[in-house]
Amino acid sequence: MVAVMAARTGRQLQRYNGVHRIVVGCIPYRLKDNGLEVLVISAQRKGKGMLFPKGGWESDEKIQDAALRETIEEAGVSGEVEGKLGKWCFKSKGNDAYYEGHMFPLLVNEELDDWPEKDIRQRYWMTAAKAKESCQYGWMREALDLLVKRLESTN
């Protein structure tokens with residue numbers, strides 16, 4: 001069982017690639033009788049759509065540990081972080097900053113009742129097709145496509 005923790009705050013330990021902040025995240029998923037389901041979360045700012053959990057990779061963490069931490073903080077799920085889906089460079093929707101994003105699949109084995117961002121985010125399980133429609137970031141939709149292809153090739 002994962003212990004509920006406080007979300008990390010501040011940017012003093014954030015990793016950068018040049019001027020680009022490095023962010024990491026997961027696509028939480030589960031396999032049900034009706035197929036693949038992925039977990040999306042609401043953006044912090046109301047009306048900004050759905051996304052997969054992601055956040056800064058800090059200098060005292062391994063990349064997979066940071067991706068899992070962000071997923072626990074933002075989505076309240078834990079599980080097995082699998083091999084990286086890829087790396088994307090993207091521009092922030094909120095400002096002119098550029099980021100380097102790394103995404104991993106996370107096979108969920110635990111859903112927490114309480115998590116650090118429970119009061120500011122909602123989480124929703126849905127099909128991959130529905131998640132692709134509702135996700136606000138093109139690079140996250142590409143990561144989802146890669147996850148779907150990976151899972152299809154293992155069946």
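**A close look at Glu37**

The side chain of Glu37 makes a polar contact with the side chain of Arg30, at 2.6 Å. A polar contact here is a pair of N or O atoms within 3.5 Å; within protein, one must be able to donate a hydrogen and the other to accept it, and residues adjacent in sequence count only if both atoms are side-chain atoms.

Before going on, a word on the model: it is predicted, so local features need pLDDT of at least 70 and side-chain atom pairs count only at pLDDT 80 or more, while totals for chains, interfaces and linings use all residues. Residues are numbered from 1 along each chain as its sequence is written, and side-chain values use heavy atoms, with hydrogens and water left out.

Where does Glu37 sit? Glu37 belongs to strand β3, residues 35-42. Strands (E, at least two residues) are DSSP runs, numbered from the N terminus.

Is Glu37 buried or exposed? Glu37 is buried, because its relative accessible area is 14%, and buried means under 20% (1.4 Å probe, protein chains only).

Leaving aside neighbours within four places in sequence, Glu37 is in contact with Pro28, Tyr29, Arg30, Lys32, Trp125 and Met126. Contact means heavy atoms within 4.5 Å. Glu37 and Met126 are 89 residues apart in sequence, yet 5.2 Å apart in space, C-alpha to C-alpha.

Definitions and conventions:
Helices (H or I, at least four residues) and strands (E, at least two) are DSSP runs, numbered from the N terminus. Buried means under 20% relative accessible area, exposed over 50%, partly exposed in between (1.4 Å probe, protein chains only).
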